[in-house]
2 protein chains.
Amino acid sequence: MNKIITIGREFGSGGRELGRRLAERLGVAYYDQEIIQEIARRTAMSEEYIQRVVEQKPTALLPITIGHTFQFTTDGVDTMAQTVYREQSDIIRELAAKSDCVIVGRCADYILRESNPTRIFVYADMESKIRRCFERAPENEHLTEKEMRQYIQKVDKNRAVYYEFYTGRAWGDWHNYDLCINTSGKDIKVLVDSLTLLQR
Amino acid sequence: MNKIITIGREFGSGGRELGRRLAERLGVAYYDQEIIQEIARRTAMSEEYIQRVVEQKPTALLPITIGHTFQFTTDGVDTMAQTVYREQSDIIRELAAKSDCVIVGRCADYILRESNPTRIFVYADMESKIRRCFERAPENEHLTEKEMRQYIQKVDKNRAVYYEFYTGRAWGDWHNYDLCINTSGKDIKVLVDSLTLLQR
């Protein structure tokens, strides 16, 4: 069975960079935006549209009970979200079957639960996340610190709702991960190097 | 500056074994019970007495305000607890200055905060902790599962109160650690080996 590492992460914690650098160090495949691109290819939806769907809170998707069975509401948006999640799941399972890899986000820890992945969660204190967001996203430099904080909170809220909806698990609950890494005040490159602390 | 790793851990999570194996792998010193022995040597209190003091909830130690200054209550037990904590702090700082090392428990992460240690916290789900406790402590085999659960909760409650009293920080809050490791259902030896995941 291939060695799979999944990365969950708070927005602004540098989890994506950590995943990429980890994959580089291990010399294994790294998947993140590639999954969206592949969904786009398979469904003929645009990448931008898919991105919007996976970033949306799936509140409209709450299953409703009809008689004794659950049923999803069937308006267009919901069907799209379900299609995207189904394609995403298929693609993630195919990628994991192909080779060792690091997969960022997308409920991969849950989708691949039977493959026993190493599940990493990356987090940081709010101050570090705000600083990292300003450094990494110059397009948001017009935001005040307060607005950036609210933006970070909103993105993570959506991630939590999305994750809980599809997995039935609490996002960011450390019992769902094997290793939780605090990036507060740290350089991600140095941090990934220091994860080699056992080899000196 | 020496490379210091501190290990906080939930009772029954295998944190002590993880610390010991980590130190072995790194070829560095490992301190746990040795600290109690050294306090005993310096204070002429028995190891058993010190062990009882450090396992006690320091509720009797709540500082009281006299005029505008804080003051500790001064009955015998409190003075002993303070003496033990002060000796413990001195010893931990001396050990950290001497060589690279792994230190388990004893608020070492806080006491050594200016030496920038790698702060690890080890945790597990309750089921795993109960199983590990029964395996490791045959003297407790007369306990029912329910009693073992209550015992684990009590030990951790005391640790939390002790830690918070001396550090002003929440015990087990992941923002106080650099790396949190879930040992649920895992063999600690294999786990320590797999922490070398970056080196294949």
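1. A salt bridge is a side-chain nitrogen of Lys or Arg within 4 Å of a carboxyl oxygen of Asp or Glu. The side chains of K186(B) and D178(A) meet in one, at 2.5 Å from N to O. This pair crosses between chains: K186(B) sits in the loop between strand 7 and helix 8 (188-194) of chain B, and D178(A) in the loop between helix 7 and strand 7 of chain A. D178(B) likewise forms a salt bridge with K186(A), with the closest N and O atoms 2.5 Å apart. Across the interface of chain A and chain B the rule finds two salt bridges.

2. This is a predicted model, in which local features need pLDDT of at least 70 and side-chain atom pairs count only at pLDDT 80 or more, while totals for chains, interfaces and linings use all residues. Residues are numbered from 1 along each chain as its sequence is written, chains are lettered from A and ligands numbered from 1 in the order in which they are written, and side-chain values use heavy atoms, with hydrogens and water left out.

3. On burial, the terms are buried for under 20% relative accessible area, exposed for over 50%, and partly exposed in between (1.4 Å probe, protein chains only). K186(B) counts as partly exposed because its relative accessibility is 26%. D178(A) has a relative accessible area of 11%, so D178(A) is buried.

4. The interface involves 29 residues of chain A in contact with 30 residues of chain B, where contact means heavy atoms within 4.5 Å. About 2700 Å² is buried between the two chains, and carbon and sulfur atoms give 61% of that area. Buried area here is the accessible area (1.4 Å probe) that two parts lose on being put together, summed over both.

5. Strand 7 of chain A is joined to strand 7 (residues 179-182) of chain B by three bridges, and the two run antiparallel. Strands pair if DSSP finds at least two bridges between them. Helices (H or I, at least four residues) and strands (E, at least two) are DSSP runs, numbered from the N terminus. In this pairing, L179(A) stands opposite I181(B).

6. Within chain B, strand 1 (residues 4-9) is mostly covered, with six of its six residues buried. I4(B), T6(B) and G8(B) point one way, and I5(B), I7(B) and R9(B) the other. Strand 1 pairs in the parallel sense with strand 5 (residues 101-104) over four bridges, and I7(B) has V104(B) as its bridge partner there. Strand 1 also pairs in the parallel sense with strand 6 (residues 118-123), over five bridges, where R9(B) stands opposite V122(B).

7. S128(B) touches G12(B), S184(B) and G185(B), not counting residues up to four places away in sequence.

8. Over all chains, the structure holds 30 salt bridges. One of them links R93(A) and D90(A) at 3.8 Å, N to O; both residues lie in helix 4 (residues 76-98) of chain A, three residues apart, about one turn of the helix. Another is formed by D156(A) and R159(A), at 3.9 Å between the closest N and O atoms, and both of these residues are buried. E38(A), R41(A), R42(A) and E94(A) are linked in a network of salt bridges.
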